[in-house]
Amino acid sequence: MDILPILATLRRHKVTATLLILQIALTCAIVCNAVFLITQRLHRMDMPSGVAEHELVHLRLADIGRRDDEKARTAEDLALLRQIPGVTEVASVNQVPFGNSSNNSGIKLDPKQSQSTLNMTTYFGENLAQAFGVQLVSGRMLQPDDYMDFDAVVHAAQAGDLKHLPSVIVITQALAERLWPGQSALGKQIYLGSEVPLRVVGVVRGLVRPSIWDDAMAQYTGILPVRVFDGNYILRTAPGERDRVLKAAIAALKKSDPHRVVIAQHIWDDMRSDFFRQDRAMAVLLVGVCIALLVVTALGIVGLGSFWVAQRRRQIGVRRALGATRANILHYFQTENFLLATIGIGLGMVLAYGINLFLMQHYELPRLPAIYFPVGAVALWLIGQVAVLGPALRAAAVPPVVATRSV
Amino acid sequence: MFQYYLDLALRSLKRNKALTALMVFAVALGIGASMTTLTVFHVLSGDPIPGASGTLFYPQLDPQDMDGYQPGKEPPAQVTWIDGMNLLRAHRGVRQALMTGGAVPVQPAQSDLDPFFSDARYTTADFFAMFQAPFLYGHGWNAADDDAKARVAVITRKLNDKLFGGKDSTGQTLRIKDTAFRVIGVLGDWRPNPHFYDLNTGGYRGVEDAFLPLTTFRDLRLDRNGSMDCWGRGGGDEDHLETATCVWLQFWVQLDDASQAAAYKQFLVNYSREQHDLGRFQRPPNVRLRSLMQWLDYNKVVPSDVRLQVYLAFGFLLVCLVNTVGLMLAKFMRRAGELGVRRALGASRRNVFAQLLVESGVIGLAGGLGGLGLALLGLWAVRHQPSDYAELARLDPTMLLTTFLLAVGASLLAGLLPAWRACQVAPALQLKSQ
């Protein structure tokens, strides 16, 4: 196909052609970045939690009046919960993954450091790892005789009494790898704050934080041997049993002590979907914008194509009368669109890169992977070709006799 | 003349219905998307107390130990109990209030209502006057009530409706955590956005349902919410919050002019020095005194996604406009013959230009109307999203006017280039080719 005559024609429609190119470029740039943002959001929504997601039930109760026997009552509650048919593990915990409310602490590798090495979240609760279904990778889980009561630990911490503070910790693989890259973490020491030394006795595959302000730190987690008595319970059961177990658990606890209120109850999958609802909404919105952009651009190409075809009916007739086949005419318009799209895509790539740079600065987004450029290009070429097909077919249908008539 | 142009424009638009529809649709889509996102942004970045926000300030002190000290680092975002109480008692501002959030178990007197937890704000006497909270019934408490740890409560209209059927409940008893409180005030409709006085408990949620004196909260050991940052041997022990080396309270002060603000800042520096000399503070004085709007800005309270959506929508509008310019240009140029005849019959370039501009204005107006409809639909969709700010997404008169100006302005702008190009056509050439 000879492209020189096409270029010559386009030169006579400079402004219109430029506008079409600009539109394709903008669409290409926005769609590339939007699709990238969508994949980022979807990836984030898939964030591993490290817990047995489909087997957990979360339940939180709060007292109406003041109680001074929380420990005895917690023991009683746990015994009641264990008796519910289908419940395999229970635990009283201080926080739950994706639960938004969290205990965090700075840790150091050397107590003399002036700045913390990093910030990790601290999970408390006897039998917590078993109830969550956290998987042990090396070392051991915390044992019953490692555990201490929360109030005793607080008093010991205030008094600086190391003997009555926890001395062991289980951490996640991600945290171990961050602190001691390539080495075994077992037996290594970390310091909570500046003065509480903790020996790593176990490493688990993962356990996500309750609230995440930096995705890179989502798995910086430690499990400490501290018993808590806050009425915050985790139950593990078979996936199909969860609704029944949740109902039975609430009934049993309210029966044993009616002077309290259920303030949270979840099948754990709902917590994940709640936690990422903003990401999901944004992804849906971006998909909508991409579709709308592509539709508007495609319709623009159809509209402009139709105009050009109508405008050139006479020339087309002349070409046909001079021996051009229908296929020649069809290819002419297809090639014209391909040329415009190519220039637009080229410009769009540069623009896409620019927008990505802007987003990287303002939204801590990674660089746009190179794969998006060819994929975006192919998508726009395809859309251009599909959109121009209608007008081009109409052009090809112009009979040669038009050449002999005045418009 | 205008009417004639309008008639010509409508005829021309009718002649090619699909194309007109496409242009109107593109403009409407772009305007609708931009207005939806712009309205959400406008609502979220608004002033929570118009008129008074310039006199409200959020002092910050740095009471931490030397562990982790870096010169120039921001002081903590909240204050300790000791510092909060010292600043409160110093009375250096026109008004001041110390506060934190929490949740309280409410035990309704009616037997058909189960006990429930309500969000609460524990604060001091000046809170209501300083933040201009409107009272439906009764009034707030005074400093003497604060000192006496009085069992008094101010509740919102929502809680009043639920517990007292909307009647004037002042003087009635409200049972909270097995303790009898006397209702002394009911707030009218009040929803400052953002929830500026405590950003820890959600930036755009409504106000808490119950307001209780801060001293009473500690006396009864009610439950607190929000963030707490500790250093040294401070810990989350609820029994020693008054002495803990933890920041967990918000302190606000009203200062009526710049000289008062400057004096207050100096007071904060002096206070830090004094505490340093007493051995309580270890770091050199490191204070901030941000005004309300500066504080919101510093905390980046508008979600970054909302900003991103605005950029995205305007990018989309740009594409829609380029699309419309292209189509309009093609359309006008195709009518070069007709325009040539008009020119030859004596219409000046200006007349032709005006005629074409009216045509593009009609498209803009139609697109604006469509865009308004789409924006209302978009805002309706936003209101059904599960976010704190969902119910705030409503079009106000300012945004309504902005939508319209944006729509007509944008499409006139889009019409300028095609109209100008079309009236450049030499009449003779066009007539000849006929």
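Q: What do the side chains of B:D67 and A:K108 meet in?
A: A salt bridge. The N to O distance is 2.6 Å. Keep in mind that this is a predicted model.

Q: How many salt bridges cross the interface of chain A and chain B?
A: The rule finds two.

Q: And how many residue pairs are in polar contact between chain A and chain B?
A: Seven, with both residues at pLDDT 80 or more.

Q: How much area do chain A and chain B bury between them?
A: About 4,300 Å². Of that, 68% is on carbon and sulfur atoms.

Q: Why quote an area at all?
A: The size of an interface is often given as the accessible area lost when the parts come together.

Q: Which residues in chain A lose the most area to chain B?
A: A:I64, A:F307 and A:Y363. Together they make up 16% of what that side buries.

Q: New topic: aromatic rings. How many aromatic pairs are there over all chains?
A: The count comes to 35. One of them is B:F196 with B:W252.

Q: Why does the pair B:F196 and B:W252 count as edge-to-face?
A: The planes sit at 80°, and edge-to-face needs over 60, so the pair qualifies. The ring centres are 5.4 Å apart.

Q: Where do B:F196 and B:W252 lie?
A: B:F196 is in the loop between β7 (179–187) and β8 (210–213) of chain B. B:W252 is in strand β12 (residues 250–254) of chain B. The pair therefore ties together parts that are 56 residues apart in sequence.

Q: Is B:F196 buried or exposed?
A: Buried, at 0% relative accessibility. B:W252 is buried too, with a relative accessible area of 0%.

Q: What about B:F217 and B:W248, what kind of aromatic pair do they form?
A: Edge-to-face, 6.2 Å centre to centre, with 65° between the planes. B:F217 is in helix α7 (residues 214–220) of chain B. B:W248 is in the loop between β11 (246–247) and β12 of chain B. The two are 31 residues apart.

Notes:
Residues are numbered from 1 along each chain as its sequence is written. Chains are lettered from A and ligands numbered from 1 in the order in which they are written. This is a predicted model: local features need pLDDT of at least 70, side-chain atom pairs count only at pLDDT 80 or more; totals for chains, interfaces and linings use all residues. Side-chain values use heavy atoms; hydrogens and water are left out. Buried area is the accessible area (1.4 Å probe) that two parts lose on being put together, summed over both. A salt bridge is a side-chain nitrogen of Lys or Arg within 4 Å of a carboxyl oxygen of Asp or Glu. A polar contact is a pair of N or O atoms within 3.5 Å; within protein, one must be able to donate a hydrogen and the other to accept it, and residues adjacent in sequence count only if both atoms are side-chain atoms. Rings of Phe, Tyr and Trp (its six-membered ring) pair if their centres lie within 6.5 Å; planes under 30 degrees apart count as stacked, over 60 as edge-to-face and the rest as tilted. Helices (H or I, at least four residues) and strands (E, at least two) are DSSP runs, numbered from the N terminus. Buried means under 20% relative accessible area, exposed over 50%, partly exposed in between (1.4 Å probe, protein chains only).
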